[in-house]
Amino acid sequence: MQGFGPVAAPPTDEPVFAEEWQRRAFALALLSMRVSGTNLDAFRHAVDRVRPLDYLADGYYGRWLRGAENLLVDSAIIAPRAVDARARNLRGGQVDEPATPAPHRPDYRPSAPGSLRSLDTAPRFAPGDAVRARDLHPTGHTRLPRYTRGRAGTVRRVLPAAVFPDTHAHFRGENTQHVYTVEFHSHELWGADAEDFLLSVDLYDEYLEPLA
Amino acid sequence: MSTPEQLPISLRTAALESILVERNLVDPKVMDSYIKMYESDIGPLNGAKVVARAWVDAEYRRRLLADGTAAVAELGFKGPQTEHISVLENTPTVHHVVVCTLCSCYPWAVLGLPPSWYKDPAYRSRVVREPRAVLHEFGLDLGDDVEIRVADSVSECRYLVLPQRPPGTDGLTEEQLTTLVTRDAMVGTARVAAPGSVI
């Protein structure tokens, strides 16, 4: 998405959290993964699913809070209207709160902490290889930035293998893959009139195809 | 999709905390400890120590560029959002700048939590498209002879920019150098200024 105007001038002494609720939202979001029995990729996908207007209006910790709500509703830790109702009651309303549902956490257990894993197979690509980012349009979570889809680049580095967010976010397996730093020229991404620079993106094996 | 009334996000936050605490699903003391960790203990001073060490110790610099994760861990810095760290060296002719276009991934263990501009859709959408114009807005004008390299850190690899050591700092100690290194210089939206200079 474009059209956001200039980058806001950074204040010199910006606090880590500008407002008290941001502190609480930050900590709640971190804890929501454990409480819901999910993982970081699922949390990112839960943030992806925040309504676009809320995503833009509520800022970083606001989308984290809404992402946490999504995760907790997904795992039936809280009912869909529970936060709304409690919020109204906190400010003096008299709203019936929905019954606490029976939790159904996903059938998910990580094979190790964190996201990095080892892989026995050799990487499909080596530094210097010409590749193309596939023109994929998954409906679930993905870490393939839209602006790279269909674009040609060059593998620069092979990074540690990692769990595949596209399946891990949906509890469909860790599906560990090699990850590559792929370098694109700005003109390949944005056309001949764009500024002249190189851009690198770290892409999972499944996002790439050899450039014929 | 529309809701009749938007509740303030601060109130939603209090509501969620109240529900989860009431049911003993989260402990407010644990929340406080997370907040304190990132508000007081882990911040850009960690990264500044890494940079200053690399400026004074050529052997450390070599290790840092070869294996950022291990070299950063030598100084005790590791943790969430920093499973793998790669260090990008700025030189007189190459300038790196880091972004995460998808969700604001950031190397927490060395820089703490990201500043507001890093999470702003304006920065995330534009620095991958017109980095020279964005850096100009930050007050950083790079000559035409400087090549710009943007790193969009969307996987689990995190990036720390190793800024150039400013001129006129030969007599400074490692500790004094640490105080010169800014967060923005380690993301690549600034250079490290020489002491006493006005940016």
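Just after helix α4 of chain A, A:Gly92 takes a positive phi of about 100°. Helices here are DSSP runs of H or I with at least four residues, strands are runs of E with at least two, and both are numbered from the N terminus. The model is a predicted one, so local features need pLDDT of at least 70 and side-chain atom pairs count only at pLDDT 80 or more, while totals for chains, interfaces and linings use all residues. Residues are numbered from 1 along each chain as its sequence is written, and chains are lettered from A and ligands numbered from 1 in the order in which they are written.

Helix α4(A) itself covers residues 82–90, and its buried residues are A:Ala82, A:Val83, A:Asp84, A:Arg86 and A:Ala87. Buried means that 20 or more other C-beta atoms lie within 10 Å of a residue's own; with 12 or fewer it is exposed, and in between it is partly exposed, the C-beta atoms being placed from the backbone. What covers these residues? The cover includes α3 (52–74) of chain A together with α1 of chain B.

That brings in the other chain. Chain B has 11 helices and 4 strands, and its C-alpha trace spans about 60 × 35 × 35 Å along the principal axes. Of its 199 residues, 46% are buried. The domain assignment, which is automatic or taken from a database, gives domain 1 (9–40) and domain 2 (43–187). Taken over C-alpha atoms, the centres of these two domains of chain B are 31 Å apart. Among contacts in chain B between residues at least 6 apart in sequence, 72% join residues at least 24 apart; a contact means that the C-beta atoms of two residues, placed from the backbone, lie within 7 Å.

So how do the chains meet? In all, 58 residues of chain B are in contact with 60 residues of chain A. On the chain B side, the elements that give two or more residues are α1 (9–22), α2 (28–41), α7 (116–119), α8 (121–126), α9 (131–137) and β3 (147–152). The most comes from α1(B), with 12 residues. By class, this side has 32 nonpolar, 11 polar and 15 charged residues. In this count Asp, Glu, Lys and Arg are charged, Ala, Val, Leu, Ile, Met, Phe, Trp, Tyr, Cys and Pro are nonpolar, and the others, Gly among them, are polar.

The strands also cross between chains. Strand β4 of chain A (residues 198–204) runs parallel to β3(B), joined by 4 bridges, and A:Leu199 has B:Val150 as its bridge partner. Pairing of strands requires at least two DSSP bridges between them. Within chain A, β4(A) pairs with β3(A) in the antiparallel sense over 7 bridges, with A:Tyr180 opposite A:Leu203. Strand β3(A), residues 177–185, has 7 of its 9 residues buried. Strand β2(A), residues 152–162, pairs with β3(A) over 6 antiparallel bridges, and A:Val155 is partnered there by A:Val182.

A:Leu203 turns up again in the largest nonpolar core, of 70 residues, where A:Leu203, B:Val51, B:Val150, B:Leu160 and B:Val161 touch the most other members. Such a core is a set of buried Ala, Val, Leu, Ile, Met, Phe, Trp, Tyr and Cys residues joined through C-beta atoms within 7 Å. Helix α3(B), residues 44–56, gives the most to this core, with 6 residues. Apart from it lies another core, of 33 residues, among them A:Phe26, A:Tyr61, A:Ile77 and A:Val83.
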